[in-house]
Amino acid sequence: MNVRPQEMPRNEFYRLLVHTVAPRPIAWVSTVDREGVPNLAPYSFFNVLSATPPLLGFCPGMRTAALREEMGSGVKDSLRNARETGEFVVNVVTYELGEAMNLSSGDYDAAVSEFDVAKLATRPSTIVKPPQVAGSPVSFECKVFEVLQFGNEIQGGSLIIGEILCVHLEESALREGRVDCRQLDLIGRLGGLGYCRTNERFDMVRPPRPPKAE
């Protein structure tokens with residue numbers, strides 16, 4: 001079976017993508033608006049983009065037509081805030097924080113802080129204004145490097161690229177002064193309502209470089 005995106009309904013192709021490009025890491029993005037009201041929302045279209053320069057990116061899609069009409073805008077708060085202030089924080093999501101992360105994914109009015117909705121304590125950032133999720137073992141303080149817009153206001157989206165300015169590491173994430181992924185019980189996003197845990201893993205040694213031909 002072969003399928004082409006242009007020959008499928010948008011929702012069906014979206015479902016194909018999220019069920020096959022998985023598991024996906026989750027960026028729990030905290031921002032503030034111009035008045036300082038904090039916002040917190042999870043995004044699973046997310047990854048590290050570069051180590052030098054240190055860049056990561058996440059993609060907030062547009063709101064559905066019904067929500068756009070109800071809320072007066074198709075632009076999600078994370079995107080608007082990042083554009084207006086030039087800053088955001090990406091917090092990683094552990095299994096313990098999963099329920100709170102899910103609560104923060106709701107479509108709330110911009111005046112509502114998801115930190116309050118999910119009853120989450122905050123931790124001040126070192127350089128940027130948006131607060132961190134106090135329970136998250138790793139938080140990336142970022143300034144906006146570039147925002148790429150694609151599609152249109154109905155079916156489009158954006159890629160927000162951030163330059164990492166500072167990384168907060170809790171002692172619980174460290175072993176002998178270095179990050180130990182075995183200490184991080186992170187969760188990943190699957191399709192539909194599905195998530196997975198990363199506490200089950202295995203190692204594979206990369207093949208050696210083949211000898212040069214003489």
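**View 1. The whole chain, starting with its contacts.** Take the contacts (heavy atoms within 4.5 Å) in the chain with a separation of 6 or more: 59% of them come from residues 24 or more positions apart. This is a predicted model, so local features need pLDDT of at least 70 and side-chain atom pairs count only at pLDDT 80 or more, while totals for chains, interfaces and linings use all residues. Residues are numbered from 1 along each chain as its sequence is written, and side-chain values use heavy atoms, with hydrogens and water left out. Along the principal axes, the C-alpha atoms fill a box of roughly 65 × 50 × 30 Å.

View 2. The chain exposes about 13,500 Å², with carbon and sulfur atoms supplying 53% of it; accessible areas come from the Shrake-Rupley method with a 1.4 Å probe, and for residues only the protein chains shown count as cover. Of the 214 residues, 37% are buried. Here buried means under 20% relative accessible area, exposed over 50%, and partly exposed in between (1.4 Å probe, protein chains only). On the charge side, there are 23 positive and 27 negative side chains, and the centres of the two sets sit 6 Å apart. Lys and Arg count as positive and Asp and Glu as negative, leaving out His and the chain ends; each charge is placed at NZ of Lys, CZ of Arg, CG of Asp or CD of Glu.

**View 3. Close-up on serine 104.** Look for serine 104 in the loop between helix H4 (98-103) and helix H5 (114-117). Serine 104 has a relative accessible area of 1%, so it counts as buried. Leaving aside residues up to four places away in sequence, serine 104 touches Trp28, Leu40, Ala41, Pro42 and Glu114.

View 4. Leucine 17 belongs to helix H1 (residues 10-20) and is partly exposed, at 32% relative accessibility. From C-alpha to C-alpha, leucine 17 and leucine 190 are 10.0 Å apart in space, though 173 residues apart in sequence.

View 5. Side chains of opposite charge can pair when their charged atoms come close. A salt bridge here is a side-chain nitrogen of Lys or Arg within 4 Å of a carboxyl oxygen of Asp or Glu, and the count comes to seven. In one of them, arginine 34 meets glutamate 84 at 3.5 Å, N to O. This pair links distant parts of the chain, 50 residues apart: arginine 34 is in the loop between strand E1 (27-32) and strand E2 (38-43), and glutamate 84 is in helix H3 (residues 77-85). Arginine 34 is exposed at 63% relative accessibility, whereas glutamate 84 is partly exposed at 34%.

View 6. Aspartate 180 bridges to arginine 182, with the closest N and O atoms 3.1 Å apart. Aspartate 180 is buried at 7% relative accessibility, while arginine 182 is exposed at 57%. Arginine 197 and aspartate 185 form another salt bridge, at 2.4 Å from N to O. Salt bridges with shared partners also join Arg175, Asp180 and Arg182 into one network.

Conventions: Helices (H or I, at least four residues) and strands (E, at least two) are DSSP runs, numbered from the N terminus.
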